[in-house]
Amino acid sequence: QGAGSTWWSLLFSGDAVTRRALVIGAGTAFFQQANGSEAAVYYVPQVLRAAGVSSEHRQLQASAVVGLCKTACVVIGQFSVDRFGRRVMMLTSTA
């Protein structure tokens, strides 16, 4: 596959390994956006305003805390997958 290959040509005329990597990468990106977790972070200031937190500074601080918690959960998840494996993590998350 040359440097000028497009994703379309890789998907339909590339080898199976390249096609699989492209589908997994595109699927991961799609579901990351489709699950709505970023929307929750986006609307934290509006939710806090509706809850009575009038200070914009406090709203931004709360948004930062939500972002830090989200980052901490991602890091913990990454280390957990490394330690226990993907299969165990999937089975426990769906139990």
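This is a predicted model: local features need pLDDT of at least 70, side-chain atom pairs count only at pLDDT 80 or more; totals for chains, interfaces and linings use all residues.

**Aromatic neighbours**

I looked up Phe30 and Phe31 to begin with, and both are exposed (over 50% relative accessible area with a 1.4 Å probe, protein chains only; under 20% is buried, and in between is partly exposed). Residues are numbered from 1 along each chain as its sequence is written, and side-chain values use heavy atoms, with hydrogens and water left out.

How many aromatic pairs does the structure hold? I found two, counting rings of Phe, Tyr and Trp (its six-membered ring) with centres within 6.5 Å; planes under 30 degrees apart are stacked, over 60 edge-to-face, and the rest tilted. The ring centres of Phe30 and Phe31 lie 5.0 Å apart with planes at 75°, so I wrote the pair down as edge-to-face. Tyr42 and Tyr43 also make an edge-to-face pair, with 4.9 Å centre to centre and 90° between the planes. Tyr42 is exposed at 57% relative accessible area, while Tyr43, at 45%, is partly exposed.

**The chain and helix 5**

I counted six helices and zero strands in the protein chain (DSSP runs numbered from the N terminus: H or I of at least four residues for helices, E of at least two for strands). Of the chain's 95 residues, 8% count as buried.

Helix 5 has 29 residues and spans 41 Å from first C-alpha to last, close to the 42 Å expected at 1.5 Å a residue (1.5 Å times one less than the number of residues). Which residues of helix 5 are buried? I noted Gln59, Ser63 and Ser80. Their cover includes helix 4 (44-50) and helix 6 (86-93), with contact meaning heavy atoms within 4.5 Å. Just after helix 5, Gly85 has a positive phi of about 95°.

**The largest pocket**

I put the volume of the largest pocket at about 150 Å³. A pocket here is an open set of points on a 1 Å grid over the protein atoms alone, where a 1.4 Å probe fits, with protein on both sides within 12 Å along at least five of seven lines; lining residues have an atom within 4 Å of a point. The lining is Phe31, Gln32, Asn35, Ser37, Glu38, Lys70 and Val74. Helix 2 (16-34), helix 3 (37-42) and helix 5 (56-84) each supply at least two lining residues.

How values were computed. Grid points are joined across faces, edges and corners, and a volume is the space filled by probe spheres set on the points.
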